[in-house]
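Subject: Structure handover

Hello,

Here is the structure for you to take over. Please open it first, then read my notes below.

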Amino acid sequence: MNSILLLVILSAYLAVLFYIAYWAEKKGNSKWTNNPYIYTFSLAVYCTAWTYYGSVGVAADSGLSYLPIYLGPVIIAPSWILILRKIIRISRVNKIASIADFISLRYGNSRFLGAIVTVICLTGIIPYIALQLKAIAETFHVVTKTEIRSYIFDDTTTFVAIALALFASYYGTRYVDASEKRKGIVTAVALESLLKLVFFVIIGVYVTFFVFDGFDDIYQKASLLEHFKEKNTIGGLPQAINWFLLCLLSMFAIFLLPRQFQLGVVENNRENHINTAVWLFPLYLLLFNIFVYPIAWGGNILFEGQDVNSDVYSLLIPQLFNNKTLTVLVFLGGFSAAISMIVVSSIGLSTMITNNILIPYNLLGELKSEDISNRLILNSRKLGIFLLIILSYFIYRFFGLDYNLVSIGMVAFVIISQLAPAFFGALFWRRGSRLGAIYSVIIGFILCIYTLLIPYAIGISNSESTFISEGFMGIELLKPFQLFGLDYLQPVTHALFWSLLFNSATYFAISVSFKGNYRERNYAEMFVDINKYISNHEDAFIWRGTAYRNDIEKVLIRFLGIERTKRAMNIFNVKYNVDVTQELADARLIKFSENLLTGHIGTASARILISSVVKEEKITLPEVLKILEESKENIIINKKLTETSNELKEITAQLQEANISLMEKDLQKDEFLDTVTHELRTPITAIRAASEILHDDDEIPDELKKQFLQNIISESDRLNRLIDKILDLEKFETGKQTIHPTKNNLIETIEKSIEPLQQLIKNKNIGIYIESKNKVTAYYDEDRIFQVITNLVSNAIKFCPDKEGLITIQVSDTGDFIQTSVNDNGKGVPHNDFEAIFEKFYQSINQNIKKPVGSGLGLAICKQIIEHHKGKIWVEPSVKGACIVFTLPKNMNIELN
C-alpha cells in the first residue's frame, strides 16, 4: 500500500480519536461515557501490541507459552469484587492519583518510598513504550513494503509520537487535581479496545475459515510441521512451575501496571462497574485468544521455510492474498493497541514524576513558598507526558531494542511486580512498615537488575560475555540465569522467583523486627479496615498539635482557589457539625485538607505543606493503639446510632403511611355510610310512599293497587339484599361464614349466573361471550360463585359504554386451578386502584362524574368468597376496559375453609 495513503488513513483515525475524546469530555456524565462497558473496555489497555502481535509470535515459535499471561488476569478477576473494590474505596476517600501515591500514603506519606515506586515504574515502562513505537514503525513498513529510514523526519513514527504526545498532554492534564476523571481519554481508550478486538477477530475468522478450512484443517496441516508436538505441550514439572510463575506475574501486573491502576482505580466512576468487569474482561481476553493459535500456526504453514517475523503474521497473511483492506484494518487494530498503552502509561508516569519527585523534592521550586502554582503543576505534567513519549521514541530510534515485544513486556512485568509485597501488604497486613516496604522494593529491584536487566543489556546470546556463562567474578552460583544453581526456570520466571523471594522475605522480616511510627500504624488501620472508616474517614485520622483554620484555608486557597475552598469547608462543617466561628483545627480538618491537596501535589507533598502551617506533637505507638481502639468503639457506637436512627425513620414512615391509610379508610367509611344511607332511604321512601297512597285512597283501581303492592315487594327485596350483603361481609371477616364446596361444571354456573341479567344486557345492547364452551369442572360452593359471577358481570354491564358494549368471559385450566376472567370495554380501572377496589368501602373515582351506583361492598364480598375457596382474585392490566380474574381449585386436595 502507498505510504501517503496509509498516512492519510492514520491521520483520519487519530482525528476521530481526538473528536471522541473531545465529545466525551463535553458530555460529562452521559450514559454513553459513564457506564460499566466503557470502564471494562478501558481496562483492555492491558492488551497492547504485545497481545496483538507478540502473542502470535510466541504461539508460532513456542506453542502454548503465550497463554499464562492471560490466564493470570482471568483467574484473579473474580477477586476484583473484594480486592479492586477495596483499592478503589481507599483511593477515592484519599484522592489518590497514582500507585506511587497509594503506596506512599499507606506507609506514612513517605516521600522517599513514593520516589522509589516512581523510579521502578519509569524503569519498567519507558522501554516498553519504546517497543510500542517500534511496533508501530515496523508494522507501518510491513504494510507499505518500505524500508525504515535513518533520517528522523523520514520516519512516520516521529510524527505519530509527536501527535500522541500532544493528544496525551492536552486530554491527560485538563485538571490540576490528578484524581479527577478523564472521561475523554477513558472513552477513547475504550473505543480503541473495542476496535482492536473486532479487527483481530476479523483477521482470525479470515485465516481460519477463508484461508483455511476451519480449526481442524489448520491443526492437521500444522501437526505435520517440525517440532509441532514439542511446542504444543505444557511439559513436565519444570514447565508447570514456569507456567505458575507466569500466571502469578500477570496477576500482579493487572493490579500494579501504572496504566491498569490509572484506568481501573483512578478513573473508576462507580464501584458497581466492577460487577460487569468481573465477567466481561475475562470474556474479552478469551475472544482475543481464540484466534491467536490459528493465526500463528496458519502463518507457520504459509511461510514455512521463509525468513519472516512471526510477530506480524496477522499482517503478512492478508497481504499474501493481496487483501489490502483487511491488512489496513489489522494495522489499525495494532496501532490502537499500541497508542492506548502509550497514552495512558505516559499520563500515569507524568503524574508520578510531578507528585512524587518534582514537587516533594522542591525541583519545581520551594513547596512552602509561593513558587509552585497550579499553572506550573499543569505545565510540568504536560511537559512530562510529552518528554516521556519523545524519550521513548529516542530509545527506540537509537538503542535498537533488538528484543521482541513479549520479551520486553515480560521484563516490564517483572520490574513492576517488585511493588507486589508492599502493595498487597498495605491492603491486608497492619504490621507492614515503611522500612520494610523501602528495603524490600530496593532489594527486589537490585535482583531484577542482576538477573534480568544486565543480561538483557549485554545480550542473552552474547557468547563473549562471561558474566552470563560463568557468573559474577567467575562464581558459578552467581550466574544470572542460574542463580544459586536453579537451572530449570526460564530467564523471566527465574528473575521473578528470586527477586520476589528476597523482596517478600525482606518486607516481612523488617516489618516484624522494626515497628513503624504512629502515622504508618494509623494508615495501616484505615487501609486494612477501609469499610469501617469509609463514611467518616477523617474520624479515624490521629493527629495531635496546634493548628488554625485560617492558616489551613490559606494553603487550600493557593491550590483550590477561593470558591472551591469555601465549598469544601462548608461541606466539612456540615458533615461534622463544626461551628464556623471555631478558630482551632482538629485532626479531622488536617486529614480533610491533606486529601484535598493530594490530587494536586501528591500525598507526601500534601503532608509536607500542611505540616508547614501547623505545629504537630509526637504521639507514641501505645497512644496510637489506644486512640484506634477508642475510634473503633466510637465507630461502633455511631453505627448503632445510625442504625437506630434509620429504624426510627422507618417506623416514622410506617406510622405516616398507616395514618394516611386510616384517613383514607375514614373517608371511605364516610362515603360508605353516605351511600348505605342513600341506599336504605330510597327503598324505604318508595315503600312509605306506596303505603300512604294505598292507605289514604280507598278508590284506587285494582290494577294500580297491584302495581303499588309490587313496588313495595321489589323495594323490600332490594332492602333485604343490601342487608344481606352487609351481614355476609361481616360473617366472612369474622370467620363465621362457611362454604360447602362440591364438584361443579363452571361453564354451567356462569351461564346460570348470566341468565337473570339477560334483560339488562339487552337493554344496553351489550354483546356477551363465553370463550370456553367445554365442560370445565372445579371444586366450589355453587351458590357463592354464582354470587361472584353475578357481581362481576353486573359491574361490567354497569360500566360498558352505551353503544357497542362488549363483555368477554374466559375460562382456562392453569394446573391445580381453573382461571376465570371477566373483561369489558368500559372505562377501566386506574392502575393505582388495582388492589384498592377489593376494599370494603371502596368505589372507583373513575366510574362516573355523578356519584356511582352501589354500596361498594360487591367486590369486597367477592374477594372474601374466592379467598375462602383458597383461590385468588385480582385486576389485570387491559388495553381497553377492566379485566378481573379469579381462580378456583380443581379438586378437594387443596384445603378449603
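One definition before the rest. A residue is buried under 20% relative accessible area, exposed over 50%, and partly exposed in between. Lys95 has a relative accessible area of 22%, so Lys95 is partly exposed. Please keep in mind that this is a predicted model.

**Overall**

The protein has 897 residues, and buried residues make up 54% of them. It contains 35 helices and nine strands. Take the contacts between residues at least 6 apart in sequence: 80% of these join residues at least 24 apart.

**Helix α3**

Helix α3 covers residues 49-62. At 1.5 Å a residue, its 14 residues should span 20 Å. The end C-alpha atoms are 18 Å apart, which agrees. The helix is bent, by about 30 degrees, at Ser55.

How many of the 14 residues of α3 are buried? The count is 12, so α3 is largely enclosed by the rest of the structure. Among the buried ones are Trp50, Tyr52 and Tyr53. Ser55, where the bend sits, is also on the buried list. Gly54, Val56 and Gly57 are on that list too. Just after α3 comes Gly63, with a positive phi of about 80 degrees.

**Two helix pairs**

Start with α2 (residues 36-43) and α13 (residues 258-266). They pack at an angle of about 170 degrees, and their axes are 9 Å apart. An angle over 145 degrees counts as roughly antiparallel. The two helices are therefore roughly antiparallel to each other. On the α2 side, Tyr39, Ser42 and Leu43 make the contact. They meet Gln260, Leu263 and Gly264 in α13. By class, this contact has three nonpolar, three polar and no charged residues.

Now look at α5 (residues 83-94) and α20 (residues 420-428). Here the packing angle is about 85 degrees, with the axes 11 Å apart. That makes α5 roughly perpendicular to α20. From α5 come Ile83, Lys86, Ile87 and Ile90. From α20 come Phe423, Leu427 and Phe428. The contact of α5 with α20 has six nonpolar residues, no polar ones and one charged.

An α-helix has 3.6 residues a turn, so residues three or four places apart point the same way.

Lys95 has a positive phi of about 55 degrees, although it is not a glycine. As noted, Lys95 is partly exposed.

Asn109 lies in the loop between α6 and α7. Asn109 is not a glycine, yet its phi is positive, at about 55 degrees. Is Asn109 buried or exposed? Its relative accessible area is 4%, so Asn109 is buried.

**One serine in α28**

Last, find Ser593 in helix α28 (residues 587-601). Ser593 has a relative accessible area of 0%, so Ser593 is buried. What does Ser593 touch, not counting residues up to four places away in sequence? The residues are Ile552, Leu556 and Ile610.

Best wishes

Technical notes
Residues numbered from 1 in each chain as written. Predicted model: local features only at pLDDT ≥ 70, side-chain atom pairs only at ≥ 80, totals over all residues. Heavy atoms only, no water. Helix = DSSP H or I, 4+ residues; strand = E, 2+ residues; numbered from the N terminus. Expected span 1.5 Å × (residues − 1). Bend = angle between axes of the 7 residues up to and from the residue. Buried < 20%, exposed > 50% of the residue type's maximum accessible area, 1.4 Å probe, protein only. Axes fitted to C-alpha atoms, helices over the stretch in contact; angles between N-to-C directions. Parallel < 35°, antiparallel > 145°, perpendicular 65-115°, else oblique. Contact = heavy atoms within 4.5 Å. Nonpolar A, V, L, I, M, F, W, Y, C, P; charged D, E, K, R; others polar.
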